[in-house]
Amino acid sequence: DVPYADSKEYKAAQAVLADIVIIMLGTNDAKVANWDEDMYREDLRLMINTALNAPATKSVFVAMPPPLYEDGKYGIQAEVVNLNFCGDPVGEGIIGTLIKEMDSPKLHLVDVFSALGGLNLSHPEFFLDSNEKVDYGGKDGVHPNDAGHNAIFETMYAALLKAGAIDGVAESPPPPEPSPPLASEPAAAPPDESPSITQDPEIPLTPEEEFAKAFGASSAKTRSGRDVGEFDLFDSSSCPELFPGRREHRRSRALGLRRIEHVA
């Protein structure tokens, strides 16, 4: 395997001059053919220092990588990943110890290892299996699936929030409080206590009675005191061209109705 420090991706990452840097490396270093503990420690230290000393860097997050569920998969040693890198107790391995030694306020340790199952290997559902990537065969135990990548994201996001490196997602503002009645607006008329006169079906409705019935006035009466009947309350928002704002009260008075109750 080609060392990441020699890759074009690493050179491109340095050219970005990011203010937040996240490092999560080591699984391929744990292959039998690649493993050299002293070299790994010093290469990781160099990479962290490079990030810390970049002019734009404000925070560097170094993650303990996901656990290895199957020893020897692709030549990777489970003991190196699960114990040497991460430690028992977790955080006391090479990566956590190095972060403590470097002792920088800009440097933070992120426990992706535990989020994806940790020492107990408790989340195999976070990794690819033969149905998702058939060329690997059986439970992959190395490469995260969509659920695993989501767990990594949530762990990283929580770490960045806790360190104050980013702000949380803004919540939607609460709906505005309804406006109080205008001082110049007349007070509502008191309830009509006059006796109801039931409409005679043989007598045609007047235009104002037709209006009251069509637009759902509740217990609407005309100036003559005739009861138009009980109807559902009318939602004036459904006809803004007829009832903009509070004009429905003035409109009802203009049409000669004693009392019409509307739901604004």
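**Figure 1. V90 in the loop between α3 and α4.** V90 lies in the loop that runs between α3 (78-85) and α4 (94-102); helices (H or I, at least four residues) and strands (E, at least two) are DSSP runs, numbered from the N terminus. The model is predicted: local features need pLDDT of at least 70, side-chain atom pairs count only at pLDDT 80 or more, and totals for chains, interfaces and linings use all residues. Residues are numbered from 1 along each chain as its sequence is written, and side-chain values use heavy atoms, with hydrogens and water left out. V90 has a relative accessible area of 31%, so V90 is partly exposed (buried means under 20% relative accessible area, exposed over 50%, partly exposed in between; 1.4 Å probe, protein chains only). Together with L83 and L119, V90 makes a nonpolar surface patch of about 200 Å². Patches are made of residues with over 30% relative accessible area and no salt bridge; like charges are joined within 9 Å, and nonpolar side chains (Val, Leu, Ile, Met, Phe, Trp, Tyr) within 5 Å. A salt bridge is a side-chain nitrogen of Lys or Arg within 4 Å of a carboxyl oxygen of Asp or Glu. Accessible areas come from the Shrake-Rupley method with a 1.4 Å probe, and for residues only the protein chains shown count as cover.

**Figure 2. The cis peptide bond between D88 and P89.** The bond joining D88 and P89 is cis, with omega about 10 degrees. P89 belongs to the loop between α3 and α4. Most peptide bonds are trans.

Figure 3. G26 sits in the loop between β1 (20-23) and α2 (37-52). With a relative accessible area of 6%, G26 is buried. Beyond neighbours within four places in sequence, G26 is in contact (heavy atoms within 4.5 Å) with Y40 and F85. G26 and F85 are 59 residues apart along the chain, and their C-alpha atoms are separated by 7.8 Å.

**Figure 4. The largest nonpolar core.** This core has 27 residues, and those with the most contacts inside it are I48, V62, F85 and L107. A nonpolar core is a set of buried Ala, Val, Leu, Ile, Met, Phe, Trp, Tyr and Cys residues joined through side-chain atoms within 4.5 Å. Two or more residues come from each of α2, β2 (59-64), α3 and α4, and α2 gives the most, with six. Leaving aside neighbours within four places in sequence, the contacts of V62 are I23, I48, I95, I99, L107, H108, L109 and V110. Another core, of 12 residues, lies apart from it, and includes V112, L116, F127 and A151.

Figure 5. L17, in the loop between α1 (8-16) and β1, has a phi near 60 degrees. L17 is partly exposed, at 47% relative accessibility. L121 has a phi near 50 degrees and is placed in the loop between α5 (112-115) and α6 (146-162). At 29% relative accessibility, L121 is partly exposed. Most residues other than glycine have a negative phi.

Figure 6. pLDDT is the predictor's confidence in each residue, from 0 to 100. The chain averages 75, and 59% of the residues score at least 70. Over residues 215-264 the pLDDT is below 50, and this stretch has 99 contacts in the model beyond near neighbours in sequence. Where pLDDT is low, the predicted coordinates should not be read in detail.
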